Each structure stands twice: as C-alpha cells, then as structure tokens.
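Dear colleague,

Please find below the structure that I am handing over to you, followed by an account of what was found in it.

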Amino acid sequence: MEDATAARNEETVSWSKEYLDGFILDEAKLRRIVEVFQAFAAKKAFDCQLEFSVKRTDVEYTAPSVEAVLQDENLSTRRIKTVALKMVKRGEPYYSSPLECELQFNREPDYRKSIYISIKDKDRTWAYALTEELDTHVQRTLIRSRKGITSILGSSYLNDFVIPSLVLGICLLAARRLPIATARLGDLAIAHFVLLIFVLLLATFTAFWLGSSISIGRAVANLLKDDSAFYWGDERESYDRRRAFRQNMKWVVAVGFIVSLTAGVMTALFLTR
C-alpha cells in the first residue's frame, strides 16, 4: 500500500510518498538507488552531497558512503533497523537547505510506514521526476501481500467469527453429549480425560471471544509471513534460514489443519452416536 501527496508554495514544491508493505533491501538494489540520487544530483546547478544515516539496535551513526553502510556486519545482536539516504546542497544543514531529499527504509515494529520518500526543491519538474524514479526502484524492494495461507490465517473474518463459532459449536456439542459419552466409556479416568478436553475447548473459546488479539490464526500468520530485511552481512544468512523455516512451517500448518479437521470430525461422529 502506498500514498503520494504534493504541496506547493511560492518558493518550493514538496513531494512525498509512503509505503506500508515490507521490503527486502539488498546490496544491488541499494547501489541502484544511490546511482539514481547521483544522476539527479548531476543535473543541479550547485554541488549536492549524499548522506547515509543508519540506526541499529545498539547505536545510530552517519556513514560517508554506501560502501560504509554495506560494510556493516548487521549482526543479530546489532541488527540494522533503519537506513536513510539524504541529499542536500553541499555545506548546508538538511533542514535549512534549499534542497531536501530523503528516502528512508524503516522496519521498526511500532513505525507505521516501512518506506518513506520526501523531496523538496524549487524545480517542480526535477522533484517530480526524482520521486517517480525512486518509486520505480522502491517498488522492486517491496514484499507484496499475496492471497495465501498467511492471508487466510490473518483475516479478521476467520479469527473473529469463523474460529470462535467453530469452537463454540464443538463446546456445545461436547456439553450436550458429554454425559452420554461418559456413561458409555465407563472408565473414570477416560471420563476425566473427556471432561478435561471439554474444559480446554471452553477456555480456548473464551480466549477468542474476549479479545481478537489472542488469536492463533494471527499468531501463525505473523510467524509465516516474510518480514522486512536489510539483506547483507550476517542477516543475509539468517534471513535465508528463516525463509526456509517458514516454507516448512506452511506445510506443517497445512498438514496439521487436515489432521485436526479429520480428528474433529471423528470426535463429533463418536459423540453423536
């Protein structure tokens, strides 16, 4: 999802664009974005300088070049959270420069926008062209939401209506047939086991009913979906491992759902006999 806005006053024109989807920023894509900034900087009548701001879990620092950013080991204990590219008129502070260009990649969990473009300049044509060119390259980094098992598991309809209704139905069915089933089983230990299953089902339903945030479907969806990544250094290997794990988990969830559904049907048939 993205949003674009433009504003103009007597001196400058401002363009901004934001994206809500996750991203995977690797070395090649970052270098191409830097080349775009450099190409547009060459079109200005004054000298421009490109700055890199990096925020990690342990420290924030300014890098003089893209090489310095890519040399960051990006370790799991010192993971990169934000990378921002800022272009201004050489020798001018960012917020007082007649030219302000920023492209920020952010994967902070409490930050709404994952990517943000902001361009301010007196040349409307130049600012608009740079925004569109950056948008083209940003689009290539996005992780597009696809209709699949993660979308289904994370949907509000499934978690807020379907699953609670199914659990409630199973609980009511179990409550209705529990005395008959217990009498047929005869064994007290087995009867206690059946009662325990009923209590667990009722507790599960209560959790779903009291708060949609307590949702197995959403938790599994968050576990399976791809997250944003700065794909260099140590994270490159760890991201590949996480992605392989998610692919395996999708098969586990699919098979587990089939097994659970089959067991539920068999249990319902047993209780209604």
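Which residues does F46 touch, not counting residues up to four places away in sequence? They are A41, K89 and L99, where contact means heavy atoms within 4.5 Å.

Please note that this is a predicted model, in which local features need pLDDT of at least 70 and side-chain atom pairs count only at pLDDT 80 or more, while totals for chains, interfaces and linings use all residues. Residues are numbered from 1 along each chain as its sequence is written, and side-chain values use heavy atoms, with hydrogens and water left out.

To continue with F46: this residue is placed in the loop between helix 1 (27-41) and strand 4 (48-56). Helices (H or I, at least four residues) and strands (E, at least two) are DSSP runs, numbered from the N terminus. F46 counts as partly exposed because its relative accessibility is 25%; buried means under 20% relative accessible area, exposed over 50%, and partly exposed in between, with a 1.4 Å probe and protein chains only. The charged end of K89, one of the residues in contact with F46, sits over the F46 ring at 5.3 Å from its centre. For this term, NZ of Lys or CZ of Arg must be within 6 Å of the ring centre and within 35 degrees of the ring normal.

Of its 273 residues, 39% count as buried. Contacts between residues at least 6 apart in sequence were also examined, and 65% of them join residues at least 24 apart. The chain exposes about 16,100 Å², of which carbon and sulfur atoms supply 59%; accessible areas come from the Shrake-Rupley method with a 1.4 Å probe, and for residues only the protein chains shown count as cover.

The aromatic residues deserve a separate paragraph. The structure holds 6 aromatic pairs. Rings of Phe, Tyr and Trp (its six-membered ring) pair if their centres lie within 6.5 Å, and planes under 30 degrees apart count as stacked, over 60 as edge-to-face and the rest as tilted. F40 and W126 form an edge-to-face pair, with 6.0 Å centre to centre and 70° between the planes. F40 lies in helix 1 and W126 in helix 3 (residues 124-139), so this pair ties together parts that are 86 residues apart in sequence. Both F40 and W126 are buried. Y231 and Y239 also form an edge-to-face pair, at 6.0 Å centre to centre and with 85° between the planes. Y231 counts as buried because its relative accessibility is 18%, and Y239 is buried with a relative accessible area of 2%. Ring pairs also link F23, F105, F230 and W232 into a cluster.

S118 is placed in strand 8 (residues 115-121) and counts as buried at 19% relative accessibility. Leaving aside neighbours within four places in sequence, S118 is in contact with W15, S16, E100, C101 and E102. N74 is found in the loop between helix 2 (66-70) and strand 6 (80-89). Phi of N74 is near 55°, a positive value in a residue other than glycine, and N74 counts as buried at 0% relative accessibility.

With kind regards
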